[in-house]
Structure formats: structure tokens, C-alpha cells
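Open your viewer and get ready to select residues as you read. Each stop gives you something to pick and tells you what is there.

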Amino acid sequence: MQLAAPRAPLGLVDLPTPRPGPGQLLVRVRACGVCRTDLHVADGELAQGKLPIIPGHEIVGTVSESGAGVERFAAGDRVGVPWLGYTCGSCGFCLSGRENLCDAARFTCYHLDGGYAEYVVADQRYCFPVPDDYDDVAAAPLLCAGLIGYRSLVLTGEAEHLGIYGFGAAAHIVAQVARYQGRKIYAFTRPGDKEGQRFAQALGATWTGDSTARPPEPLDAAIIFAPVGPLVVHALRASAKGGTVVCAGIHMSDIPAFPYELLWGERVVRSVANLTRRDGEEFLALAPKVPVRTAVEPLPLAQANEALARLREGRITGAAVLVP
Ligand SMILES: [Zn+2]
Ligand SMILES: [Zn+2]
């Protein structure tokens, strides 16, 4: 399912099976999660990528062929292919444990064809073994919703009272990890989204409410998964002194002006960008221990447009996963 131009529907096209180059794997896709970033790419909100492009960066598949020099994986191995597809390995960011910020980084679904397909090629160095505890469909959302959620959670430090704004695929995973770590979850949804609030309660949220509401306790930190700038102001207003507001998405509508008083008291607003391989290794080791259970809705690959439309409208509980 290929995107030829922004804001156009994906087209079902028949392409030659790609060939793995040196260091690359040819992966037979078994499942590919649908992430909000796919939607930002399809909607033209991220404009620097290649076109046409095959979206999808929560890929679970099996290695069907290896290029020259591949030694980490062999034919038949199950692998996960995430958003981070390449880094230079030699810049200041790469050499200081921050390869997620590398200027030369290339991303699956943005610069590199992704997993809305039967086959994908991927650099072996950025692929992960997938824990045996999960089947292909259940594992797919771990590859981005899980990884980015985990990185966001780490950036909240020791926060006990944790707000989560936008209760979709990433939130439903991060909430389980946060509960496992003994934190209290305050889940904020679109105003009136009772179904989303029930979903959050079922995952152990201490409190649920509308995104404009004030929680019963000031938040030590908040993670914003919804791409809605005004939530930054709501989250600051709900935060205790010293609180951190983490914006976890790659794109967000403009943040409105707000009084300095809301930031005063050493409150912090920061973003999360991409992932490092270390995030992936840590999270994929932790997930089976929690154990994280993913709520998934499998759909045939040819229904990718429908999956994106439903994500745009907030009509997916948990994560949609495309199956070729
Ligand atoms: Zn670099
Ligand atoms: Zn993603």
C-alpha cells in the first residue's frame, strides 16, 4: 500500500520484491502496526520524506533472505523493524548515546519503505529480536507505540502522579509499564470520550477525565500523545512545581501563548524524538516482565486507508495492525 502524494489515499500496487543489499535483511512482513506518524506522513504534515513511500514502521516479520555480511540474524528468524532505520555512527549525537538525534538518520516509513507491504528490506543493525511471548500481531505495536511510550516514560523520571493525555496505542502500553513501576495514572481523553475513559480505567488508571479537567492531585509529570498543542497548556496547569510535560508526538498543532506563571516553579516542557537502539533493547526486555498486553485490531493490508481514517477520527481502541 503506497503513498504517491500527500493527502491522497494509499494505492494498492504490485512492486517487485526488493533485494537485500550488504548488511540488509529481506523481511517477509507478518504484521505491521498503524502509528499516528503514518497518518502525519499520509496527511503531508511531515514534508521532508521520500515519495512515493510505503508507510509502516511497526513491522514484525521473518527473515527470508540476508544480504552480504549479515551475521546478527538468519533466515527464519523473527525480527522487528522500527522507525529508526539508519544513523551515521560518527557524529556528536551518535557518539554520546543520542543516535535518535543524528542529523543523517533515516527513518522507516519516511525515508525508507516500510511495512504496509508483503516484504521490506532493513539494515540488520537496527532490527530487534521479537520476544517469544507475543504473536506477530500482538507484538507489532510494541515497535513504536511501545518504544516511544517507554522513552517518554523514562523522561518523566521518578514521577509518581503521571498524567497521560490521549489514550491510544502508545498510552495503553505505557500505562501498563507505569502501573508495574508503582506509579499512579491520570488519564485525560477527548472531552466526553467515555469509551476511552473506560479503556483507561480497565488498564488501571487511578483517575480519568476530560483533557480540560484538573486532576485531584497535581501531576509530577505528564505525557502528551495527542497531537494537540493546547494540551501543553492544560498539562502545565495540572502540574506540580518541578513537573515535566513530555510531548511524545512527531507533530503537534501550535501551542497557544500562555502566562509565564504556568512554567514558573521549574516546570519543564520537552519533546521526545525518535528512539535509540538502546530504548528498544530495554523496552523489549521489560515488556514480557510487566507483562504488557496489547489491545489490537487486526485488519487486512488492503484496508490500510480505512485503518488510517479510523485512527484520524479516534475510532480505534488500542492499536490497528495490518496483516498482509
Ligand atoms: Zn550521527
Ligand atoms: Zn510510530
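How many of the ten residues of helix 3 are buried? Nine of the ten are, so helix 3 is largely enclosed by the rest of the structure. Buried means under 20% relative accessible area, exposed means over 50%, and partly exposed lies in between (1.4 Å probe, protein chains only). Helices (H or I, at least four residues) and strands (E, at least two) are DSSP runs, numbered from the N terminus.

Before you go on, note that this is a predicted model: local features need pLDDT of at least 70, side-chain atom pairs count only at pLDDT 80 or more, and totals for chains, interfaces and linings use all residues. Residues are numbered from 1 along each chain as its sequence is written, chains are lettered from A and ligands numbered from 1 in the order in which they are written, and side-chain values use heavy atoms, with hydrogens and water left out.

**Stop 1: helix 3**

Select residues 145-154, which form helix 3. Its buried residues are A145, G146, L147, I148, G149, Y150, R151, S152 and L153. Now show what covers them. The cover includes strand 7 (128-129), strand 8 (161-165) and helix 4 (169-180). It also includes strand 11 (219-224), strand 12 (239-247) and helix 7.

**Stop 2: helix 3 against helix 7**

Axes are lines fitted to C-alpha atoms, for helices over the stretch in contact, and angles run from 0 to 180 degrees between N-to-C directions. Helix 3 and helix 7 are therefore roughly perpendicular to each other. That label covers 65 to 115 degrees; under 35 is roughly parallel, over 145 roughly antiparallel, and the rest oblique.

Pick out the contact (heavy atoms within 4.5 Å). Helix 3 brings G146, L147, Y150 and R151. Helix 7 brings D279, G280, E282, F283 and L286.

**Stop 3: zinc ion, ligand 2**

Move to C144, in the loop between helix 2 (136-139) and helix 3. The zinc ion (ligand 2) is coordinated by C144 (SG), C35 (SG) and H57 (NE2), at 2.0 to 2.2 Å. Donors are N, O and S atoms within 2.8 Å of the metal (3.2 Å for Na, K and Ca); water is not among the atoms, so sites may look incomplete. C35 sits in the loop between strand 1 (24-33) and helix 1 (36-42). C35 and C144 are 109 residues apart, so this pair links distant parts of the chain. C35 is buried at 11% relative accessible area, and C144 is buried at 6%.

Next, select T37 in helix 1. T37 is buried, at 11%. Beyond residues up to four places away in sequence, T37 touches L46, H57, W83 and I250.

**Stop 4: zinc ion, ligand 1**

Select C88, C91, C94 and C102. Their SG atoms coordinate the zinc ion (ligand 1) at 2.3 to 2.4 Å. The spacing in sequence is C-x2-C-x2-C-x7-C. Angles among the four donor atoms are 105 to 118°, and the site is tetrahedral. C88 is partly exposed, at 28% relative accessibility, whereas C94 is buried, at 15%.

**Stop 5: D210**

Finish in strand 10 (residues 207-210), where you will find D210. D210 is partly exposed, at 26% relative accessibility. Leaving aside neighbours within four places in sequence, D210 contacts F188, T189, R190, P191, G192 and Q197.

Key:
Four donors count as tetrahedral if all angles lie between 85 and 135 degrees; four count as square planar and six as octahedral if opposite donors are over 155 degrees apart and all others between 65 and 115; anything else is irregular.
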